Amino acid sequence: MAFIDYYKVLGVDKKATEAEIKKAYRKMARKHHPDLNPNDKEAERKFKELNEANEVLSSPENRKKYDAHGENWQHADQYEQSKRQQQQYNGRGQQADYGGGFSGGADYSDFFESMFGGRSARGSGGGRTAQFKGQDFNAELHLDLKDVYTTHKRTLTINGKNIRLTIPAGVENGQVIKITGHGAAGSGGGPKGDLYITFTIDNHTAFKRDKENLYATVDLDLYSAILGGDITVDTFDGQVKLKIAPGTQNGTKVKLKGKGFPVYKKENQFGDFYITYEIKIPTSLSEKEKELFTELSKLKNL
Amino acid sequence: MNIENFIPINTLVTHYKVELTFFNNLSELGLVEIQTVEHIQYIHQDSIYEIEKMIRMHQELDVNIEGIDVVFNLLQKIDALQKELINVRNRLQLYEN
């Protein structure tokens, strides 16, 4: 657990006035506010740090404690103890009031929790807006490309609740789907939040995918390329037999209609499968082969 | 109109501690759609998410209504660009080994 320099977080001097702290917090918040930085985890982290710094520095009581013992936070408990004894001695034990409803973002660093007990030590500024609609949940679902070739059902556990989900074939990498009403409960009669699932699709196959089309490179031996012939090619869900025309060039592309990936939310519709032939030139030739190739080259030169 | 999925503006005014004029101003700029049924103004619950964002910008960041309009236009652009970026990245995989 590390000490956090809250003055540095807000970019203010140790002697900064309350007004300067408030101004600095507002300025930084405008930069790192999560609403202004969608899908930016770094901004979210910074914003939490800012709020924490603001909670400490905008409250005279918290700031005093932090200034006195911030860097020696391990001794904060002793400080508290001696303060309590002093208060008892003085006969007016006025406990600091740490009450207050800080809604949302109540996610503190270990450092903060060790000094302020993790309770919401609400500062004078930076109170968050009370939410009416329940909080939205975000989840990330990692699937294999093979999984999304067919429509299938899956049970996800999100915040302790099981949600049965139909994942349509053809879902794309990075695609987000919204499941209405599966977020947190609202407050004051507000509607429930929603659940957003972002799909991350890992591809461990030899196929490359662009939306509903698939691409692959198929090796072709020199003799089939020159003389023509039949080959068997792997498709995503099986195999097909293909005729090779005599004199097929390296890099020739062939389109197999309807042998691609399923089209998202369009049943029984498939994209195309594009094959690129890569002709393999023999490398370690036997004496006999060398002889024959030489003969061939001489024929060509005649 | 079926008001089942609509929330009276008064409820929101009380909950968020904002002025009624705030909603009317947002509506004038086309940022929210207000429906009136028997003299009661409602907002569809699907727009609550965006409204809460606007309220947070207003209350936490001191952004005025015109500023919110600008921010929302830019956020829409960011959203479109992020989607395009994902598509481009997916396409890029075609050319990478």
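Across all chains of this predicted model, 15 aromatic pairs are found. One of them joins Phe3(A) and Tyr66(A), whose ring centres lie 6.0 Å apart with the planes at 10 degrees. Because planes under 30 degrees apart count as stacked, this pair is classed as stacked. Phe3(A) belongs to the segment that precedes helix H1 (6–10) of chain A, whereas Tyr66(A) belongs to helix H4 (residues 60–69) of chain A; the pair therefore ties together parts that are 63 residues apart in sequence. The two partners fall into separate accessibility classes: Phe3(A) is partly exposed, at a relative accessible area of 30%, while Tyr66(A), at 4% relative accessibility, is buried.

A further aromatic pair is formed by Tyr149(A) and Phe270(A), with ring centres 6.2 Å apart and planes at 45 degrees, so the arrangement is tilted. Tyr149(A) is situated in the loop between strand E1 (137–144) and strand E2 (152–158) of chain A, and Phe270(A) in the loop between strand E10 (253–256) and strand E11 (273–280) of chain A. The pair thus links distant parts of the chain, 121 residues apart. With a relative accessibility of 14%, Tyr149(A) counts as buried, because the class covers values under 20%. Phe270(A), in contrast, has a relative accessible area of 37% and is partly exposed. Both residues also take part in a cluster linked by ring pairs, which comprises Tyr149(A), Phe207(A), Phe236(A), Phe261(A), Phe270(A) and Phe273(A).

The contact between the two chains was examined next. Chain A contributes 27 residues to this contact and chain B contributes 30 residues. The size of an interface is often expressed as the accessible area lost when the parts come together. For chain A and chain B, the buried area amounts to about 2,600 Å², with carbon and sulfur atoms giving 51% of it.

Polar and charged interactions are also present across the interface. Between chain A and chain B, 14 residue pairs are in polar contact, with both residues at pLDDT 80 or more. On the side of chain A that touches chain B, the elements giving two or more residues are helix H2 (18–32) and strand E6 (208–210) of chain A. By residue class, this side of chain A consists of 8 nonpolar, 8 polar and 11 charged residues.

Note on methods
Residues are numbered from 1 along each chain as its sequence is written. Chains are lettered from A and ligands numbered from 1 in the order in which they are written. This is a predicted model: local features need pLDDT of at least 70, side-chain atom pairs count only at pLDDT 80 or more; totals for chains, interfaces and linings use all residues. Side-chain values use heavy atoms; hydrogens and water are left out. Contact means heavy atoms within 4.5 Å. Buried area is the accessible area (1.4 Å probe) that two parts lose on being put together, summed over both. A polar contact is a pair of N or O atoms within 3.5 Å; within protein, one must be able to donate a hydrogen and the other to accept it, and residues adjacent in sequence count only if both atoms are side-chain atoms. Helices (H or I, at least four residues) and strands (E, at least two) are DSSP runs, numbered from the N terminus. Ala, Val, Leu, Ile, Met, Phe, Trp, Tyr, Cys and Pro count as nonpolar, Asp, Glu, Lys and Arg as charged, and the others, Gly among them, as polar. Rings of Phe, Tyr and Trp (its six-membered ring) pair if their centres lie within 6.5 Å; planes under 30 degrees apart count as stacked, over 60 as edge-to-face and the rest as tilted. Buried means under 20% relative accessible area, exposed over 50%, partly exposed in between (1.4 Å probe, protein chains only).
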